[in-house]
Structures are given as structure tokens and as C-alpha cells.
Amino acid sequence: MQRGEIRTPAFMPVGTAATVKAMKPEAVRQTGADIILGNTYHLMLRPGAERVARLGGLHNFMNWDRPILTDSGGYQVMSLSELRKLTEEGVEFRSHIDGSRHMLTPERSMEIQRLLGSDIVMAFDECPRADQPRDEIAASMELSMRWAKRSRDGFDSGGDDADCAALFGIQQGALDEDLRAISAQKLTEIGFDGYAIGGLAVGEGQEAMFATLDFAPEQLPADRPRYLMGVGKPDDLVGAVERGVDMFDCVLPTRSGRNGQAFTWNGPLNLRNARFAEDTGPLDERCTCPTCGTYSRAYLHHLQKSGEILGAMLVTEHNLSFYQQLMAAMRETISRGRFTTFAADFRRDYLG
């Protein structure tokens, strides 16, 4: 891309409100991240897309010179706004911040993401719950496909800015193979630069998610990136790469870092546990991050128990570094034809 190469499989740290929580942008880059994610819904409400544009765009605003993917805002409208009205046109909703009224449509979502200066723009969609009746899931998927066409048209009419960005369509259909096949066909007919698998990691569990991933990626064009939205745990990532996924994002490594959970090659650790109070070892002997090279488990335990901000910063730095080291290991073993062995060894060590 114009702002830099994105190596796949890729994990995108989540920078919801123009910041990856508890991390400086330069520290995020040092973990090995090629790209981060920004959130259309949150940024349109505060500080506002037009304001970000006046300030030089999202990259300049947050001091991140690498690629940024922005989601469409659809999922947050559905999940965070208590008062909303869904129509063919889009979604009218009240801000969770101050109650102000807003209308988000496919065209407005494209405009907001253009104002932010996104490198990868996501089509506007609706994400239904997997436990809804099939006819409701089907109707939602069809609506998302009509919105996908309007997103494509709105993106293409964006002028020179659109020439520097990519547009991804989002496959829907919950856990239903036939509905996802229809969605994939419609998206392919419209034509996108990449394709996301939406509607997973919303409470269905790993077994159901993997069962869906056994067919969903193969329904999408093999010559375009395939992005699994909102995933996930380290073992989720490995299993999804086995099934043909190229890109991921998730708040888990940063949220867990703030709550004292560290991911390691031998599984997650709860640093609030008393057994770490006098443990002088690093979080993970295999990890090369600054946290593991400098601070003991005992000190990180103390910071977490004391509620110190530094604890969140150091464990977040480690978690994001671990995720990038995991992605790098997968890229390297795929290139050598050793990924199957790597995946088996990883599960043995990580899951015990």
C-alpha cells in the first residue's frame, strides 16, 4: 500500500479513538505491527471526522505513518446505541456520549472514512446475532449486500482520495453455509479489493466459529485478502490461519493488558494471582519485548495489584509484541512449508 507493506497473516491492534490504549504510536510500531484499526463510529462522534480532516487526517492527528483500516461503524451503532432505527436508508441513532441524533448510511460511512484518510475502508453493514431466526439473518444479509453496493458506489465517487485507498466488502450470514455463499457471490459480483468475514466472534464459541471458517473463506476470492473481524485469542488466530484467513483485529491483547492478563507461548497468565508475588522470572522467556527483557513477574504483579498505570502499559506492550511475534512465526513457517507442524506444536504448548 502507499503507506507501507502489510505482511500477512497480519494482526491489527485496535486504536478505537485514535489511540491504541496504553501505548504510544511509536511503541506500537516497535512491536512489529504494520497496520492498526480505527473506529468510524467513535471518531465521527468525537472529535468528528470533519475536524480530523481539518487537522490533517487521522495519520497526522495520531502520529501513525503506517496503514490504517477503519471499520464502517455499523457494528458499534447496533451494539452501543440504545435508541436506534434501522431502515433501508441506514441507521438513525442517538450518541452514547451525549444523546445527540445522527444518521449513518453507506454513503455517509464512506464519506467519514475518506475524511479520516483511511487506507482500508470497510463497507457499511449490519451484523445480526447468530441466534436469530434464519429468515431474519437472511433478510439482514440481503440488506448488507444492498448496502455493500451503495458503499462501492459511494467509495468510487469519492474522487482522488479513493484512488489511494482500498475497499473491503463484508460477508454475512451468521453460521449458515448457504447464506454465506449467497453473500460471497453478491460481494464478488460487486467487486472489492479485499473481503471480510463478519458476524463471527460475537458469542458463538470457538467450535462454531471454526466450523463456519471451514467453508466461509473458501467462498471468497482466493486472490484477495480475507479478513476475520474481531478475532481473537492466540489459538483462534492459529486455527483461522489454518482455514485460510489473512488478517485479524481484536481488543483482547490491549484489554487483557489493562486487566493483568498476559499471553505467553505457554498460555495466558493472570498476573494478579498471588503465585507471582515473588517470581523473579520474565513474563515469557521466549519473548523479545522490552517488558520481558526488563521487568519481573513479581514487579508486574505488584503494579497490577496496586492499580498503577505502568502495569497496564507494560503488559499491553508485551501482549501486542507477543501477538506480532506469533504472526511472524506463522508467516515464517508458512514460507518454509512447516505451518502444520508449527500449529500442532503451538497448541501443545499454549493449551497444555
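Where is Pro-47 found? Select Pro-47: the loop between helix 2 (40–45) and helix 3 (49–54) holds this residue. Helices (H or I, at least four residues) and strands (E, at least two) are DSSP runs, numbered from the N terminus.

Two ground rules before moving on. This is a predicted model, in which local features need pLDDT of at least 70, side-chain atom pairs count only at pLDDT 80 or more, and totals for chains, interfaces and linings use all residues. Residues are numbered from 1 along each chain as its sequence is written, and side-chain values use heavy atoms, with hydrogens and water left out.

**Stop 1**

The peptide bond from Arg-46 to Pro-47 is cis, with omega near 10°. Now jump to Gly-232, in the loop between strand 10 (226–228) and helix 11 (234–242). The bond from Val-231 to Gly-232 is also a cis peptide bond, with omega near 0°. Most residues other than glycine have a negative phi, and most peptide bonds are trans.

Next, pick Asn-63. Asn-63 is not a glycine, yet has a positive phi of about 60°. Look for Asn-63 in the loop between helix 4 (58–62) and strand 3 (68–71). Is Asn-63 buried or exposed? Asn-63 is exposed, at a relative accessible area of 56%. Buried means under 20% relative accessible area, exposed over 50%, partly exposed in between (1.4 Å probe, protein chains only).

Then select Ala-201, in the loop between strand 9 (194–197) and helix 10 (206–213). Ala-201 has a positive phi of about 60° although it is not a glycine. With 39% relative accessibility, Ala-201 is partly exposed.

**Stop 2**

Eight of them form an open sheet with parallel pairing, in the order 1-11-10-9-8-7-3-2. Two strands pair if DSSP finds at least two bridges between them. Which strands stand at the edges? They are strand 1 (10–13) and strand 2 (36–39). Each has a single partner strand, so one side of each is left without a neighbour in the sheet. On average, neighbouring strands of this sheet are turned by 25° against each other, direction ignored.

Zoom in on strand 1. Strand 1 and strand 11 pair in the parallel sense over four bridges. Ala-10 has Met-247 of strand 11 as its bridge partner. In a regular strand the side chains alternate between the two faces of the sheet. Here Ala-10 and Met-12 point one way from strand 1, Phe-11 and Pro-13 point the other way, and all are buried.

Show helix 15 (residues 309–335). Helix 15 lies across strand 1 and strand 11 (247–250), and runs at about 165° to strand 1. Axes are lines fitted to C-alpha atoms, for helices over the stretch in contact, and angles run from 0 to 180 degrees between N-to-C directions.

Move along to strand 7 (residues 120–122) and strand 8 (residues 166–171). Three bridges join them in the parallel sense. In strand 8, Leu-167 is the bridge partner of Val-121. Helix 7 (residues 134–156) packs on the sheet and touches strand 7 and strand 8. The direction of helix 7 makes about 175° with that of strand 8. Contact means heavy atoms within 4.5 Å.

**Stop 1: helix 7 and its partners**

Angles under 35 degrees count as roughly parallel, over 145 as roughly antiparallel, 65 to 115 as roughly perpendicular and the rest as oblique. Among the contact residues are Ile-137 and Met-141 of helix 7, and Leu-179 and Ile-182 of helix 9.

Helix 6 and helix 7 pack at an angle of about 40°, with axes 8 Å apart. That makes helix 6 oblique to helix 7. Show side chains: Pro-106, Glu-107 and Met-110 in helix 6 meet Trp-147, Arg-150, Ser-151, Gly-154 and Phe-155 in helix 7.

**Stop 4**

Finish at an open sheet of three strands, with the order 4-5-6 and antiparallel pairing. Strand 4 (84–86) and strand 6 (101–104) are the edge strands, each pairing on one side only. The twist averages 15° from one strand to the next. Strand 5 (residues 91–94) and strand 6 pair over four bridges in the antiparallel sense.
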